[in-house]
Amino acid sequence: MEHGSYQNPSASTFSITEEDHTLANSLRLVLNKDPRVSFCGYSIPHPSEARVNVRVQTTGDPAGEVLKDGCQNLINMCEHVRKTFDDAVDKFKNSKASDSMEDSP
């Protein structure tokens, strides 16, 4: 849910349910690296509530679009990390398999 102003679409607060510090802090990091973002922060209204509020202020672009771009960038980063990890595991398993073949008489 977006809480913002129709007069100033470059500043909005987004309420994301069923999320916590894990997503919010990662998203904050990615958004703060975007040159279009002048401010990004988040808060958790209450510890027993599974909800985060993410505040995004931009240099002029609509905050909703910048948030969507940030989410897509975060997804791309996670996919890259996952692929790199899977490749490293496969390489390790293949090296162990070739080592065990060399050790057999």
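Figure 1. Setting aside residues up to four places away in sequence, Ser15 touches Met1, His3, Arg51, Val52 and Asn53, where contact means heavy atoms within 4.5 Å. The model shown here is predicted: local features need pLDDT of at least 70, side-chain atom pairs count only at pLDDT 80 or more, and totals for chains, interfaces and linings use all residues. Residues are numbered from 1 along each chain as its sequence is written, and side-chain values use heavy atoms, with hydrogens and water left out. Ser15 is found in strand β2; strands (E, at least two residues) and helices (H or I, at least four) are DSSP runs, numbered from the N terminus. Two of the neighbours also meet Ser15 through polar contacts, side chain to side chain: Arg51 at 3.3 Å and Asn53 at 3.3 Å. A polar contact here is a pair of N or O atoms within 3.5 Å; within protein, one must be able to donate a hydrogen and the other to accept it, and residues adjacent in sequence count only if both atoms are side-chain atoms. Ser15 counts as buried because its relative accessibility is 10% (buried is under 20% relative accessible area, exposed over 50%, partly exposed in between, with a 1.4 Å probe and protein chains only).

**Figure 2. Ala11, also in strand β2.** Ala11 is found in β2, which covers residues 11-17. With a relative accessible area of 10%, Ala11 is buried.

**Figure 3. Glu18 in the loop between β2 and α1.** Glu18 sits in the loop that links β2 and α1. Its phi is positive, at about 60°, although Glu18 is not a glycine. For background, most residues other than glycine have a negative phi. Glu18 counts as exposed, at 64% relative accessibility.

Figure 4. Asp20 caps the N-terminal end of α1, with a side-chain oxygen 3.1 Å from the backbone nitrogen of Thr22. Helix α1 has 12 residues (21-32) and, at 1.5 Å a residue, should span 16 Å; its end C-alpha atoms are 16 Å apart, so the two agree. The expected span is 1.5 Å times one less than the number of residues. In α1, Ala24, Leu27, Val30 and Leu31 are buried. They cover an arc of only 135° around the axis, so they lie on the same side of α1; the arc is that of the directions from the helix axis to the C-beta atoms.

**Figure 5. Gly41 in strand β3.** Gly41 is found in β3 and counts as buried at 13% relative accessibility. Neighbours within four places in sequence aside, Gly41 is in contact with Arg28, Asn53, Val54 and Arg55. The C-alpha atoms of Gly41 and Thr22 are separated by 13 Å, and the residues are 19 apart along the chain.

**Figure 6. Cys40 and Cys71.** The structure holds 0 disulfides, a disulfide being a pair of cysteine sulfur atoms within 2.5 Å. For Cys40, the nearest cysteine sulfur is that of Cys71, 10.0 Å away. Cys40 counts as buried at 6% relative accessibility, whereas Cys71 counts as partly exposed at 31%.

**Figure 7. Confidence along the chain.** The chain averages a pLDDT of 91, and 91% of the residues score at least 70; pLDDT is the predictor's confidence in each residue, from 0 to 100. Confidence is lowest in strand β1 (residues 2-4), at a mean of 71, and highest in strand β3 (residues 37-43), at 97.
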